[in-house]
Amino acid sequence: MQGDGLVYCAYTLPVFVGSNRQQFLLEVDTGSSDTWLVSNSCTSDPACSTFTGPKYDPSNAQPTGQNFGEQQQHGIISGPIVQDTIEIGGYVVKGQALAAATSVQNEILSMGAGFSGSLGLDLQANSVIARAVASSSPPVDNSTFTTHLFSNTTSNNGASGLTTPGPSNQFISLLLERPFYPGLASYLGIGAHPPLPYSLNPSQVTFSDILPSDPGPLYWRIPLTRVSADIGGTTQYMSLGSTGASGVSSIYPVAVVDSSGSGMMATRSFANAFYGMWGVGPGKDDNQYYVPCNLSMNVTMTIGSGVSIDVPIHPLDMSMPIPTDPNNPMCLGSLQATDSSMPQGDLIIGPSFLRNVYTVLSYQTNPPRLGILPFTNPANALSEFNLVRVNHQQIGSGLSPSQANGSAMGNNAHLESDSKSTKIGVKVLIGVSVFLIIAGLIIFLSVRTLKRRWTRKAEEDQHQSLPDPELSGKEKRAAVRGVFGIADGEEAFAMFGRVVNTNGNRRTDNDADSMASNRVEQSPTTQASPTDTIPKGDGEETNTKPGKTHTHHRFRRPPYQSVDSVWGSGSMSGLIQDTRYASMYSVHSGISSFNRSEVDIAAMKPVEEADGYNLGPVSPIQRTASPDTMDARVPPVSTNPFEVMIHQAREAESASPATPKAQAREAPHLPRA
């Protein structure tokens, strides 16, 4: 970029011209199809006389005998047309028709490093040189530079045309920098996208057909379908009329893409309607439009044929300080008007518009198409405008270069930063989600495993041995019911001299005394055999043989009195003798619980009170039954240790004359089996 980038601005690129490859800086001009250079013969015009840069020497070029004259945006260029070699970016075109300007009027060539001419990138049908040499004799190759570049052909037996392989992709890309904006650069690409800043993606470019005309497309022009502005927080829309351009039919104003100049140029009617949204009119002295420098003009233009491309424009691009009075609070509007006719269109969108988009001039199709990729963020742009115009600070002050590039192109810097932050946030969210899922699974599996262990433990506890005699009464009653199948715990606990209610609850001392006083002692009338007695439930057993009745009533004997009979059958017996009381028995803690249905009641044998019978000593190793020492109803031979203990207890009881209670006090406390 040459000049101040505001009023005086030119985007240039190096070009080698002639057989000696003399280098010149030429302005990139998408509004013109022709190439011209200020020649060494231009000396009288102020632009040429003050220009200190290199001038073109056409002495070694091929003359055509035709002259060039063109009215450009800022001035008039004229001079002879010659053919010479042009090289740009390694692409060499031989016999390129160009103008050696001998007169340059109203054109400022000396801005910045200066530029020596213009490289036209407009379409072939708009070429003034092509029309001028069309009637030349001998014939002259009238192709523009871009036509030579993308046609990849030669003419006049190799006298002109592209002499190097052409680009595989037929387009030219353009990216323009904003003045005083740090970290940005301008690029022009031939058949390739330049290194785009801020992660701009060329695949996001939107292409629009250019408006047709006769005899063909003349300009890179497209319809302007809407203009809106954010004024005081309210969106206002500009009133658009139809186009006044010639050779084209459109119900909308027509916009022409022109990279030369500095701002935008419009018809008077268009400019009045545009500034009318802010209540601004042209100045009385010069008919130019001025706005307060701190007025943020947040404008969005919608362009496209068959598509709608919204292009927000940075407010710094909508106005500029007055070059002759930079401290004036009023600024010059970037969009100005001309009272002359504008046959090419209603609005020329120059650098102040193109700084907000990535532009692609595509020759891939016929007719060519225009590609636009907007990248200005209105919110970021407004912040930067306030920083510069309100706070009078430079963009990037106190910030790193990467942080300074906020909008226009900087919008994508924010987008890139936001994209990275979003990606990091998503990764963190995914990580946290995965952690929570894994933690939940671990907790679920742990709880499930513990639940299974608890369930298995409960099942094992249900199959464990009966509780020790020292357990609670409720647990003992439950154990006895499980062992003997007795529904009423009262019947079973009569064996132990425990006083309980008929409903299985422990009786109080008063209940026990009352029962003892009202108790009726009843001795068995007949010794019953196992086959004579059938349990009937509800606390009674009745002899089924006629004339023989043996009934157990619901009363309790104290611990020192013997029970009438105790069920026992070898290893199935659940009772052993309690040595503290000769006639008292307790549940053995090592006997596993079993259901009553598992016991063969018919095979069980009663062990009765041995009134007057001397059972005699029985050895656990050698047990020989004798009628003199053992009741015939007791099995003469037994290997059951419980029966051995019962036998020894009976023997000790018969040998002692003491009362049962005294015997219980004097009996040694042997360990329970």
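A salt bridge here is a side-chain nitrogen of Lys or Arg within 4 Å of a carboxyl oxygen of Asp or Glu. With that in hand, let's go. This is a predicted model. A search of the whole structure turns up six salt bridges. I'll walk through several of them, then the disulfides, then the surface.

Start with Asp209 and Arg369. Their side chains meet in a salt bridge, at 3.2 Å from N to O. Where do the two partners sit? Asp209 is in strand β15, and Arg369 is in strand β28, which covers residues 369–374. That is a link between distant parts of the chain, 160 residues apart. How accessible are they? Asp209 has a relative accessible area of 39%, so it is partly exposed. Arg369 is at 29%, so it also counts as partly exposed.

Next pair. Arg226 bridges to Asp310, and the closest N and O atoms are 3.4 Å apart. Arg226 lies in strand β16 and Asp310 in strand β22, residues 309–313, so this pair ties together parts that are 84 residues apart in sequence. Arg226 is partly exposed, with a relative accessible area of 37%. Asp310 is partly exposed too, at 39%.

Arg268 is in helix α4, residues 268–275. Asp339 is in the loop between β25 (335–338) and β26 (347–349). The two are 71 residues apart, and again the bridge links distant parts of the chain. Buried or exposed, what is Arg268? Buried: its relative accessibility is 19%, and the cut-off for buried is under 20%. Asp339 is another matter. At 59% relative accessibility, Asp339 counts as exposed.

One more item under this heading. Which residues are joined by salt bridges that share partners? Arg178, Asp317 and Arg355, in one network.

On to the cysteines. How many disulfides does the structure hold? Two. Number the bonded cysteines in sequence order, and the pairing reads 1-2, 3-4.

Take Cys42 and Cys48. A disulfide joins them, with an S to S distance of 1.6 Å. The torsion about that S-S bond is about 85 degrees, so the disulfide is right-handed.

Now Cys293 and Cys331. They form a disulfide with sulfur atoms 2.0 Å apart. The S-S torsion is about 105 degrees, so this disulfide is right-handed. Cys293 is in the loop between β20 (290–292) and β21 (298–303), while Cys331 is in strand β24, residues 330–333, so the pair ties together parts that are 38 residues apart in sequence. Cys293 is buried, and Cys331 is buried as well.

While we are on cysteines, a word on Cys9. Cys9 is buried, with a relative accessible area of 5%.

A quick stop at Tyr219. This residue lies in the loop between β15 (206–209) and β16 (221–231). Its relative accessibility is 16%, so Tyr219 counts as buried. Tyr219 and Ser33 are 186 residues apart in sequence, yet 8.7 Å apart in space, C-alpha to C-alpha.

Last, the surface. Please bring up helix α8, residues 410–462.

What kind of patch do Val426, Ile430, Val434, Ile438 and Ile442 form? A nonpolar one, on the surface, with about 430 Å² of accessible area together. Ile430 lies in helix α8. Its relative accessible area is 48%, so Ile430 is partly exposed.

The other patch is charged. Arg448, Arg452, Arg453 and Arg456 gather on the surface in a patch of positive charge. Arg452 is in helix α8. At 49% relative accessibility, Arg452 counts as partly exposed. Why not exposed? Because exposed means over 50% relative accessible area, and Arg452 is at 49%.

To recap. Six salt bridges in the whole structure. Two disulfides. A nonpolar surface patch that includes Ile430, and a positive surface patch that includes Arg452. That's the tour.

Methods: Residues numbered from 1 in each chain as written. Predicted model: local features only at pLDDT ≥ 70, side-chain atom pairs only at ≥ 80, totals over all residues. Heavy atoms only, no water. Patch = residues over 30% accessible without salt bridge, like charges linked within 9 Å, V, L, I, M, F, W, Y side chains within 5 Å. Areas by Shrake-Rupley, 256 points an atom, 1.4 Å probe, with all protein chains shown as cover. Lys, Arg positive; Asp, Glu negative; His and termini not counted. Charge placed at Lys NZ, Arg CZ, Asp CG, Glu CD. Helix = DSSP H or I, 4+ residues; strand = E, 2+ residues; numbered from the N terminus. Buried < 20%, exposed > 50% of the residue type's maximum accessible area, 1.4 Å probe, protein only. Disulfide = S-S within 2.5 Å.
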